[in-house]
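This briefing covers the packing of one predicted model. The structure comes first, then the notes by topic.

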Amino acid sequence: MSFLTPRLFAIASMVSYGEVVADIGTDHAYLSIYLAKDSKAVKIYATDINEKPLQTAKNNILSFGVKDKVETILANGIEWTKEQDIKINSCIIAGMGSTTILDILKMDNNNIDCYIISSNTGVEPIRQWAKQKKYFIESESIIIDNEIIYEIIKINKFAGQKIKSKQDLLFGPILKKDTTNQLFVQKWMSEEQKIMELIKQIPKKEKKVKLLKQKQKLISKMLKKETR
């Protein structure tokens, strides 16, 4: 399916064959349709908070002939999985900022095994949430799509890598191990530059400066390790 973006392909690659999937904020349902056509998922619940995009999703699902595998649900977030007692293997939350994603994750429940998350903003708060819940990181990837670098993570409640350190929170326990990933280096070189510029603009006495300097130190140390 040529209309699937690199980011959506990367998300789809984290779905295991035979899973029941929830696609939260499905929009046009392209990801749901791909998972159905590729026979990766046995059932996909494509949800959206608004009627208009959900109707577009329904039309696309019919056009691609996957109505038997993809069910649309008008819903906000993931609470419906508990209300309707529906078991989900992988719940995809993408195309939103970390604050919105964390609001959705407040309704985390035992009916969901894993989360595949692609935030439009920093992933560190999502990893912090996973750490507090004592969940694991099953997989992580970093990709570029339309000149924007995205991190994609799969949180597994039962198995995977533990988040143990500040480095794990910031860089990812899996991503930080890949010393050959040029996108990883590119992302953090850019982040370090932004932090340095920000420090210049903030009065030295502010507490935020100390936190920014600590973050810059972690990034600088990682970059030296990655590029040597």
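Helix H1, residues 6–13, has Arg7, Leu8, Ala10, Ile11 and Ala12 buried (under 20% relative accessible area with a 1.4 Å probe, protein chains only). Helices (H or I, at least four residues) and strands (E, at least two) are DSSP runs numbered from the N terminus. The model is predicted, with local features needing pLDDT of at least 70 and side-chain atom pairs pLDDT 80 or more, while totals for chains, interfaces and linings use all residues. Residues are numbered from 1 along each chain, and side-chain values use heavy atoms, without hydrogens and water.

**H1 and its cover**
- Helix H2 (30–37), E4, E5, strand E6 (136–145) and E7 are among what covers the buried residues of H1.
- The H1 and H2 axes, which cross at roughly 45 degrees, come within 10 Å (lines fitted to C-alpha atoms over the stretch in contact, with angles from 0 to 180 degrees between N-to-C directions).
- Leu8, Phe9, Ile11 and Ala12 of H1 meet Leu31, Tyr34 and Leu35 of H2 in this contact (heavy atoms within 4.5 Å).

**Cores**
- The largest nonpolar core has 29 residues, of which Ile93, Tyr115 and Ile155 touch the most other members (a core joins buried Ala, Val, Leu, Ile, Met, Phe, Trp, Tyr and Cys through side-chain atoms within 4.5 Å).
- At least two residues of this core come from each of E1 (19–24), E4 (88–96), H5 (98–105), E5 (112–119), H6 (124–132) and E7 (148–156).
- E4 gives the most to this core, four residues.
- Another core, of 27 residues, lies apart from it and includes Ala10, Ile33, Ala41 and Ala46.

Terms used:
Buried means under 20% relative accessible area, exposed over 50%, partly exposed in between (1.4 Å probe, protein chains only).
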